[in-house]
Each structure stands twice: as structure tokens, then as C-alpha cells.
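I opened the notebook to record, entry by entry, what I looked up in this structure. The entries follow the order in which I went through it.

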Amino acid sequence: MLLRHFQKSCLFFGFFWFCLNFFLSCSLFGAKNIVQVFQEALESDPLLSRESYLFNGSQAGVSLARAALGPSLSVNAAAGEGSLIDVNINSFSLSTGTSFEFYTVLLTQPVFDGQKLSALKAAKYQQQAQGSAVQYHKQQLILRVVQAYFGVLQAEANERVAESELELYEEILKQTEAFLKTGKGDVVAVKEAKARYDISQSNLITAKNAVNIAKAILERITHKPATELVDVVEISPMNPTPNEIESWVNMAMANQPLIKQAKALLDASYAQVEKNKREHWPVLSFVGASSQLAVNAVPVNLQVAAGFLTLSLPLYDGQIDQRIKQSQAQAKATSETLRDTSDQAKLDTEEAFLNLQSSVLQLKSAKTALDSSQTSYEATKKGYEIGTRSIVDLLTVISDLSNAKRNYYNALYNHIVSRAQLKAAVGILSQEDIIAFNSILKK
């Protein structure tokens, strides 16, 4: 069932990338969109690749456990030289120099083996757990791409703000220095403008470093050089849908891959307990044998073919009870892991839900503050030009405008990332969300 589901996922995945190629052909020339970045990450991510190999290994584990319930065929052969002592055949007595050949073919088919049945059950649960691990790492890769992509855009936006701020301060500094030379200015205004200019230079260096760090994070995910990225259009903030935290928590309990993995591992540990207990059970097998003995020195050629049932029953083995206790303790530990995973998923979902709600209000307030700061800057600049406002007033509103721009861009990109974080916490983040994020980029 899991294998068929995995095969269907692969077919959907291929169709998904066919759709992505259409979006790639529509992207801006010279700039990458988030679909392209995700494709690069998907092709080179070592974590997802590792989990996929482990899933293939778990599939082989199921096949191995199933093969243990099937027939086995073995051949044993021997040849050598020895002595026949006190053998009298047709009045001839042989004692040395006798060679012989011997072989046996055994066919063994388990009829009932409780341990192997439990081992097969445990292997299937292990496969389910690893399938959930693959699903989790796919979602984490999507989340990391979203965070890194919009992290670069956020850092670049702050760099543009720092450059704009520096240009404004530089312009004012030149004006105050020119006024001072003509005798119309004062030293205090020059010093104040110079101080703001120096601080703005430091802010620009910090912003450039942030861009380099953000690009390095993106390169770490895609293993490709970070080039120009397509920016977002102006968007309207959206609350979670549904806007009820209980609904999201319930979805997390049902869909979070880490919870599914923990449940499958718990079932596997119970199957291991069952397997160890069944070591006390008898094992019934059918054995078919064919043997032949040939002695070259004498006319002896013995051939035997037989089929029979074997019953194996352990009478006493102290290791069995200890293995049962060990597996029971492991099952209890795995049960606690499931409880902890469920608690953490609930907490992550609640935190992501509240963060998304807060990001809506932060983006709205940041946009309002930006509009207000822009209006204040334009009014103060006009007042400074006609002499009704001081240079300090103008420097202050420039600083306020720059801070408002930074707050707006931070709120904008944080809101976008918060959408992905909530879906990732619940366990429903998918490749379709990459297309949804791509739709809010500039065309």
C-alpha cells in the first residue's frame, strides 16, 4: 500500500515539474524566481537524498523479511581420501587408500514461524517511518528555500534603504558645508549632518554584510551561485484560514510527518516485542533432502531422497527473556518519544499560528507608518527649503523614514515566510505552495 502511494507520488512529482517548466519559461530574463531556486535545491540537497536512500533501504528490508518466509535451497558437498577399517566385501579387506564423494541438497520451507512473521511486520512499520521521514525533509527543504529566498530579498531591500539614506545625508552634508563656507551656515549643523552621514555609512556596511550572509545561506541550499532574484509585488496581508488555532492543531496531529514517523516507530517496537516473545514458540518447517554417497574403491553408490516435517521448540534459553525485557523498555521509550513529538508539534503549530496573526497586524501598521513617514519627510523637506524647519528636523525625518522603510520590508517578508512556517508546522507544506509563492513575484 505504501509502495503504491510512493509510486503515485513519483508520478505526481513528474507532472509537477512539467508544470514548473512552464513557469520557468515565463520568468524574468537574468533573474531567478523561487521555482527555479527550489528546483536547484531539490536536485542537490544532501539531506533529502540521504533520506531517499534510507527509504530504498527500508524497502529492501521488507523484501528481506518477506524472503525469510519463503523457501531456501542449499547444497553441501564433500570429497576426500580416508581409511575403511574392518570392512570385508566379497572376501576383500580394505583399510587404506579409499576415496569418497558426498553431496546433499536441502530444500527448506517454513510452515509456521511466528518470529519471522513479526519481523516482517516490524520491517513494514520501519518502511512507513522512513517514508514519513522523506516527507518531512521535503517539507523542510521547501521551508528552507522560502526562508532563504525571501531572506535575500529582505536583506537587499534593507541595503537599498541604507544606500538611499546615505545619499540623502550626503546631500545635506554638502549643503551645510557649502552654507558654512559662504557664512550662512553654522558648525553645529555641519557636525550633526556629518555624524548622521557616518552612522549611515556604518549601516550600509552592515546591510551589505547581511546581503552576503543571506546569499551564502541560499547558496548552501542550492549549491549554485546566488544571482539576482525576482522580487515580490505589493501584497495584502492575510490571516490564517481557518482563523482558529484548534483547527490547525488538529491538522498537525493528523498530518505532521514527524508524528507519523513516531507512531510507525512505536508500532515497529511493539512488533519487535512480539518477535522476541515468539522465540518461545515452536517453529514448523518442511524439509526436502536428496543425498548421494559414492566410494570409489568399492562398488558403493548410496542415493537417498526424502521429505519430512521438522519441529523446533526451545526448552530453555535465558537470553530470550532478557531480549523481551530489553525490547519492552525500548517500546516504552519510543512511546515517550511519540508523546514528546506530539507536544512539540502542538507548540510549533500554536507558535506559527500566532506569529502569522501578528505578522498581519505588523505589516498593516508598518505600511501605515511608512506612508506617514513619507508624508512627514516631504513636508519637512519643503519647510527646510523655505526656512521654517531646521536642519535637525530634516535629519530626524530622514532617519524616521529609513526606519519606517526597514520596518515595512521586514514585516512584508516576515509575513510571507510566516505563511510557509505555519503550513510546515502542521505538515501540509507542499510543492504546490512553491507555485503559490511564485505567483506573488513580479512578472
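Entry 1, Leu363. I looked up the accessibility of Leu363 and found a relative value of 3%, and because the cut-off for buried is under 20%, Leu363 counts as buried. I placed Leu363 in helix 8, which covers residues 318–386, in what is a predicted model. Setting aside neighbours within four places in sequence, I listed the contacts of Leu363 as Pro237, Tyr408, Ala411, Leu412 and His415. I also took the C-alpha separation between Leu363 and Asn414, which comes to 8.8 Å for two residues that are 51 residues apart along the chain.

I counted 10 helices and 6 strands in the protein chain. Of its 443 residues, 37% are buried. I then took the contacts between residues at least 6 apart in sequence, and noted that 81% of these join residues at least 24 apart.

I asked myself at what angle the axes of helix 4 and helix 10 cross. For helix 4 (residues 114–182) and helix 10 (residues 431–438), the axes come within 10 Å and the crossing angle is roughly 20 degrees. Angles under 35 degrees count as roughly parallel, and helix 4 and helix 10 are therefore roughly parallel to each other. I recorded the crossing of helix 4 past helix 10 as right-handed. On the helix 4 side I found Ile142, Val146 and Phe150, which meet Gln431, Ile434 and Phe437 of helix 10. Sorted by class, this contact has 5 nonpolar residues, 1 polar residue and no charged ones.

Entry 4, the buried side of helix 10. I listed Gln431, Asp433, Ile434, Phe437 and Asn438 as buried in helix 10. Looking down the axis of helix 10, I found that these buried residues fall within an arc of 150 degrees, so they line one face of the helix. I kept in mind that an α-helix has 3.6 residues a turn, so residues three or four places apart point the same way.

I found that the axes of helix 2 (residues 34–44) and helix 5 come within 7 Å and cross at roughly 50 degrees, which makes helix 2 oblique to helix 5. Helix 2 brings Val37, Glu40, Ala41 and Ser44 to the contact, and helix 5 brings Leu218, Ile221 and Thr222. I divided the residues of this contact into 4 nonpolar, 2 polar and 1 charged.

Neighbours within four places in sequence left aside, Ser200 is in contact with Ala162, Glu165, Leu166 and Tyr169.

His223 is not a glycine, yet I found a positive phi of about 60 degrees for His223, which sits in the loop between helix 5 and helix 6. His223 is partly exposed, at a relative accessible area of 43%. Pro242 also belongs to the loop between helix 5 (187–222) and helix 6 (245–255), and I recorded the peptide bond from Thr241 to Pro242 as cis, with omega near 0 degrees.

Key
Residues numbered from 1 in each chain as written. Predicted model: local features only at pLDDT ≥ 70, side-chain atom pairs only at ≥ 80, totals over all residues. Heavy atoms only, no water. Axes fitted to C-alpha atoms, helices over the stretch in contact; angles between N-to-C directions. Helix = DSSP H or I, 4+ residues; strand = E, 2+ residues; numbered from the N terminus. Parallel < 35°, antiparallel > 145°, perpendicular 65-115°, else oblique. Left-handed = near helix turned anticlockwise from the far one by under 90°. Contact = heavy atoms within 4.5 Å. Nonpolar A, V, L, I, M, F, W, Y, C, P; charged D, E, K, R; others polar. Buried < 20%, exposed > 50% of the residue type's maximum accessible area, 1.4 Å probe, protein only. Arc of directions from axis to C-beta.
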